[in-house]
Amino acid sequence: APGAPGDGYPVFSAAEMRRRRDALASVVAERGISQILVYGFDRSGSAIGWLTGWPVTREAALLFAPGERDLMFVCFNNHVPNARRLAPEADVRPGDGSALDAALDAIASRAGGTGQAARPATLGVIGPVPARAGARLAAIADEIVFLDRDYVRLRLVKSAEEIGWLRTGAAMSDDAVAALSAAARPSMTESQCCASLESAYIGAGGLTHIHYLGVTSMARPDLCVPAQWPSARRLSAGDALSCEVSASYQGYPGQLLRTFTIAAPPAPLYQDLHDVAEAAFDAVTARLRPGATAHDLAIAGAEVILGAGYTIYDDLVHGYGGGYLPPVISRAGLEARQAADFTFAAGMTVVIQPNVITPDERAGVQTGELVVVTETGWESLHSYPRGLARIGD
C-alpha cells in the first residue's frame with residue numbers, strides 16, 4: 001500500500017528512494033560518468049519524479065552525482081515552493097526563463113566558471129533534451145552519453161512499493177470505468193462520458209493520465225480504436241463504446257480497456273470480435289511468466305487473432321509503469337509473427353490489450369488491463385470484470 005503522507009503528500013520509503021539512487025549510481029560507475037543531467041518538459045520525463053518525487057510540470061532539470069545532493073531547477077518559478085515540498089531531499093531552485101539553461105550554467109560553473117576549465121570528460125543525459133541545447137552541451141563536456149535506455153532498464157522490474165502504488169492507480173481506473181458504465185446512455189456526449197470517468201477518482205486524489213473513448217454504430221461502423229480527443233458526437237442505441245482508461249496515483253497509473261454496447265445487444269460482428277479478443281488475452285497470458293519471451297506472446301496472439309481473419313491496430317502488449325516500456329508488440333510484429341528480443345522477469349508490469357479489428361479498419365473492440373509478472377505466472381492489478389457488457393438502457 002502507498003506510504004504515509006509526507007507534508008500532505010504520499011511518499012515512498014527512504015529505503016525505496018535509496019534503492020533508486022543506488023541503481024542510477026551503478027549506471028554512473030559502469031559508464032565512467034561523473035554526473036547526469038536529467039530533464040523533463042511539459043509533464044514528460046519520468047526520471048525526475050522517480051528520483052525526487054516531483055512530477056514535472058512546465059520544465060525541470062536535475063543534476064545527479066553519486067554522493068551529492070541533487071540540484072534541481074524548476075520552471076515556472078511559482079512551481080518551486082510545491083517542488084520543495086514534494087522533493088525535500090533535493091536543492092530546488094528557480095529556473096527563471098529556462099530550467100535547462102540554469103542547469104547547464106551550473107555545470108559550467110562547477111567546471112570552473114567558463115565551461116572550459118576542468119569540464120567533465122563525460123556527461124550523462126536522461127530525458128527529452130531539445131536539439132537546441134546541443135551546442136551548449138558540447139561546450140561543457142568532452143562527451144555526451146544519452147542514458148535513456150539505461151534508465152528504461154532500471155524501470156522494468158518494479159519494487160514492492162511501486163506495485164502497491166500501481167494497484168492504487170489500477171483501483172482508481174476500475175472505479176472510473178465503473179462510473180462510465182453506470183452513466184453512459186443514449187444522447188450523452190463523449191465529453192460527458194469523460195466527465196463521468198473523472199468524477200470517480202479526482203476526489204480520491206487521482207489524476208488523469210489518459211482516457212480515450214471510441215464510439216461508433218455497430219450497424220455502420222467507422223472507428224476501430226479509441227480516440228485521444230472526445231468528439232461532439234452523442235451516443236445512440238446500437239453504438240459500441242470502447243475505452244482505454246488510466247487514472248494515476250502520484251504518477252503510477254493503472255490501465256483498463258473495455259468495450260460496451262449501448263442500449264442494444266452486440267451485433268454478431270462485435271460479438272465475434274470480442275470473443276476473439278478474449279481468446280487472445282487468454283492465449284497471451286497463458287504464456288506470460290518469468291523466462292517467457294516477447295516472441296512467445298506474439299506467436300500466441302497471432303495464432304488467435306490472425307487465425308480468425310482479423311488483425312490489430314493498437315499494440316497487443318506493452319510494458320507500463322514509469323513510461324511506455326518494452327516489450328512493444330505492434331501490429332507489424334503480430335503480422336510478422338515475431339517480436340524484438342525480450343525476456344520477462346518477475347516484477348515487470350505490462351498491459352495486455354487485444355484491440356481486435358477487421359482488416360478494413362472499420363470495426364474493432366478493445367479489452368485488457370495492466371498485469372504484473374509473478375514468480376509463477378501473472379496477476380491482474382485490476383478487479384473490473386471482463387466481458388462485452390450492455391449498458392445505457
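I began with strand S4 and looked up the bridge partner of Tyr 39, which is Ala 61 in S4. I note at the outset that the model is a predicted one.

**Entry 1. Strand S4 and its neighbours**

I next took the pairing of strand S3 (residues 35–41) with strand S4 (residues 59–64), which is antiparallel and extends over 6 bridges. Within this pairing I found Gly 40 opposite Ala 60 in S4.

On the other pairing of S4, I recorded 5 bridges to S5, and the two strands run antiparallel. Here Glu 59 has Cys 75 of S5 as its bridge partner. I then examined the connection: S4 and S5 make a hairpin with 6 residues between them. In that turn, Gly 67 has a positive phi of about 85 degrees.

Which residues of S4 point one way, and which the other? I listed Glu 59, Ala 61 and Leu 63 on one side, with Ala 60, Leu 62 and Phe 64 on the other. This is the pattern I would look for, as side chains in a regular strand alternate between the two faces of the sheet. All of these residues are buried. Because 6 of the 6 residues of S4 are buried, I describe the strand as largely enclosed by the rest of the structure.

**Entry 2. The sheet as a whole**

I traced the strand order of the sheet as S6-S5-S4-S3-S7-S8. The sheet is open, has 6 strands and shows mixed pairing. At its edges I placed strand S6 (91–94) and strand S8 (143–146), each of which pairs on one side only. From one strand to the next, the twist averages 20 degrees.

I then asked which strands helix H1 (residues 14–31) touches as it packs on the sheet. The contacts are with S3, S4, strand S7 (122–126) and S8. The direction of H1 makes about 65 degrees with that of S4.

**Entry 3. H1 against H6**

I followed H1 to helix H6 (residues 148–155): the two pack at an angle of about 145 degrees, and their axes are 10 Å apart. H1 passes H6 in a right-handed crossing. From H1, I listed Ala 23, Leu 24, Val 27, Glu 30 and Arg 31 in the contact, and from H6, Asp 150, Arg 153 and Leu 154. By class, the residues of this contact of H1 with H6 are 4 nonpolar, no polar and 4 charged.

I also looked up Val 152, which is found in helix H6. Not counting residues up to four places away in sequence, Val 152 touches Leu 325 and Pro 326. I noted a separation of 10 Å between the C-alpha atoms of Val 152 and Gly 321, which are 169 residues apart along the chain.

**Entry 4. H9 against H10**

How do helix H9 (residues 268–286) and helix H10 (residues 294–305) cross? I recorded a crossing of roughly 155 degrees, with the axes coming within 8 Å. H9 and H10 are therefore roughly antiparallel to each other. Their crossing is right-handed.

For the contact, I listed Val 276, Ala 279, Ala 280, Ala 283 and Val 284 in H9, which meet Leu 297, Ala 300, Gly 301, Val 304 and Ile 305 in H10. The residues in the contact of H9 with H10 are 9 nonpolar, 1 polar and no charged.

**Entry 5. Backbone details**

I looked up peptide bonds and phi values with a general rule in mind: most peptide bonds are trans, and most residues other than glycine have a negative phi.

Cys 75 and Phe 76 are joined by a cis peptide bond with omega about 0 degrees. I located Phe 76 in the loop between strand S5 (71–75) and helix H3 (80–86). A cis peptide bond also joins Pro 326 and Pro 327, with omega about -5 degrees. I located Pro 327 in strand S15 (residues 324–329).

Asp 42 has a positive phi, near 50 degrees, and lies in the loop between S3 and helix H2 (46–52). Ser 187 has a positive phi near 85 degrees. I found Ser 187 in the loop between helix H7 (160–183) and helix H8 (190–199), where its relative accessible area of 45% makes it partly exposed.

**Entry 6. A position in H11**

Is Ala 332 buried or exposed? I placed Ala 332 in helix H11 (residues 331–336), and at 54% relative accessibility it counts as exposed. Ala 332 and Gly 309 are 15 Å apart, C-alpha to C-alpha, and 23 residues apart in sequence.

How values were computed:
Residues are numbered from 1 along each chain as its sequence is written. This is a predicted model: local features need pLDDT of at least 70, side-chain atom pairs count only at pLDDT 80 or more; totals for chains, interfaces and linings use all residues. Side-chain values use heavy atoms; hydrogens and water are left out. Axes are lines fitted to C-alpha atoms, for helices over the stretch in contact, and angles run from 0 to 180 degrees between N-to-C directions. Helices (H or I, at least four residues) and strands (E, at least two) are DSSP runs, numbered from the N terminus. Angles under 35 degrees count as roughly parallel, over 145 as roughly antiparallel, 65 to 115 as roughly perpendicular and the rest as oblique. A crossing is left-handed if the near helix is turned anticlockwise from the far one by less than a right angle, and right-handed if clockwise. Contact means heavy atoms within 4.5 Å. Ala, Val, Leu, Ile, Met, Phe, Trp, Tyr, Cys and Pro count as nonpolar, Asp, Glu, Lys and Arg as charged, and the others, Gly among them, as polar. Two strands pair if DSSP finds at least two bridges between them. Buried means under 20% relative accessible area, exposed over 50%, partly exposed in between (1.4 Å probe, protein chains only).
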